[in-house]
Amino acid sequence: MSKFWSPIVSRLTPYTPGEQPRIANLVKLNTNENPYGPSPRALEAIAREVGDSLRLYPNPDAEPLKLAIARRHAADDITAREVFVGNGSDEVLAHAFHALLQYGKPILFPDITYSFYPTYAGLYQVQYRAVPLADDFTLRADDYLGHGDAIGGIIFPNPNAPTGCLLPLAEVERIVQGNPQRVVVVDEAYIDFGGDSAIPLVQRYPNLLVVQTLSKSRSLAGMRVGFAIGHADLVDALERVKNSFNSYPLDRPAIAGATAAIEDEEYFRKTCDMVIASREKLVASLAQLGFEVLPSAANFVFARHPQHDAARLAAALRGDGIIVRHFGSARISQFLRITIGTDEACGALVQALQRHLS
């Protein structure tokens, strides 16, 4: 702590990202990165931007990317005016906390969820109430209804993280419909691996903001691109905050690469299907080893073994050069979150677990 810090700094609890260790021959299953590389079309587009043009500022509105996202969702009547883009979905979420959730009243989000939410709440001094998940770790829509003006908004991931559990779209709509006076932010970082997006609901509900990322299903985690789709009034609020903070959030290679990735639907579908197939294989293998695996619609699984301590298993796997994520929070301290890797990586994990469990 320094005497030069602003008072708020000492009260913050920063987000702790997944470990990025430098270990040779590492099997890295801890940060939900896609095991397959970006679209070749995206890589080509990025390469074309690496040259003399980097001396020029990028398009301040990332217009080509907004148009590509709008075209992809044209069937839902989405236009570029209803698209916001940012430096990863984390920045988009930060702007949403700042622009749409500061009402001097607590916002609601699950007690087991993306741990950046309380971090943002602390940074922007937004009160919050953590709503307990059900005993089976699912989110109950009824818990988010009937609060009226007593709350300042709602945010939750779908599928949830770190559980991977999916809330059906009809239940998402119940939450949005039941809170017409408050913004509902649906964080869909993992929706492409098994769920139905809430984007088709946007034109019906002016209080709905859907946030997605290109880090997971589009394999661009290293490029940091995210976006939101919502009513033009919500997007305008995000733009006002963005342009008061950083008017050029996406660089030229990021805009070009992300645009090409959005347009390469065939590659996107193929790699998502490969991840889903590997997930189902891994779930079956873990079940055979005696693990309880929560139903996952994400590119990771959340699993615990009734006879083996999760922290010890994580440490043992690390000794084998296999990294998975372990959380110390009370309700989930016996779970491991395991990213879906290639079949080869998942096979190495299963073989290591077989040794340690025996």
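Select Lys242 and Glu239. In this predicted model, their side chains meet in a salt bridge, 3.5 Å from N to O. Both residues lie in helix α6, three residues apart, about one turn of the helix. Are they buried or exposed? Lys242 is buried because its relative accessibility is 3%, below the 20% cut-off. Glu239 is buried too, at 12%.

Next, pick Glu265 and Arg72. Their side chains form a salt bridge at 2.8 Å, N to O. This pair links distant parts of the chain, 193 residues apart: Glu265 sits in helix α8 (residues 265-288), Arg72 in helix α2 (residues 63-72). Glu265 is partly exposed at 26% relative accessible area. Arg72 is partly exposed at 27%.

Move to Arg174 and Asp142. Their closest N and O atoms are 2.4 Å apart, in another salt bridge. Arg174 belongs to helix α5 (residues 169-177), Asp142 to the loop between β4 and β5. The model's salt bridges come to 19.

Now show the strands. Seven of them make an open, mixed sheet, ordered β2-β8-β7-β6-β5-β3-β4. β2 (83-86) and β4 (128-131) are the edges; each has a single partner strand, so one side of each lacks a neighbour in the sheet. The twist averages 20° from one strand to the next.

Zoom in on β6 (residues 184-187) and β7 (residues 208-213). They run parallel, joined by four bridges. Asp187 has Val211 in β7 as its bridge partner.

Finish with helix α6 (residues 232-242) again. This helix packs on the sheet, touching β2, β7 and β8.

Terms used. Residues numbered from 1 in each chain as written. Predicted model: local features only at pLDDT ≥ 70, side-chain atom pairs only at ≥ 80, totals over all residues. Heavy atoms only, no water. Pairing = 2+ DSSP bridges. Helix = DSSP H or I, 4+ residues; strand = E, 2+ residues; numbered from the N terminus. Axes fitted to C-alpha atoms, helices over the stretch in contact; angles between N-to-C directions. Contact = heavy atoms within 4.5 Å. Salt bridge = Lys/Arg side-chain N within 4 Å of Asp/Glu carboxyl O. Buried < 20%, exposed > 50% of the residue type's maximum accessible area, 1.4 Å probe, protein only.
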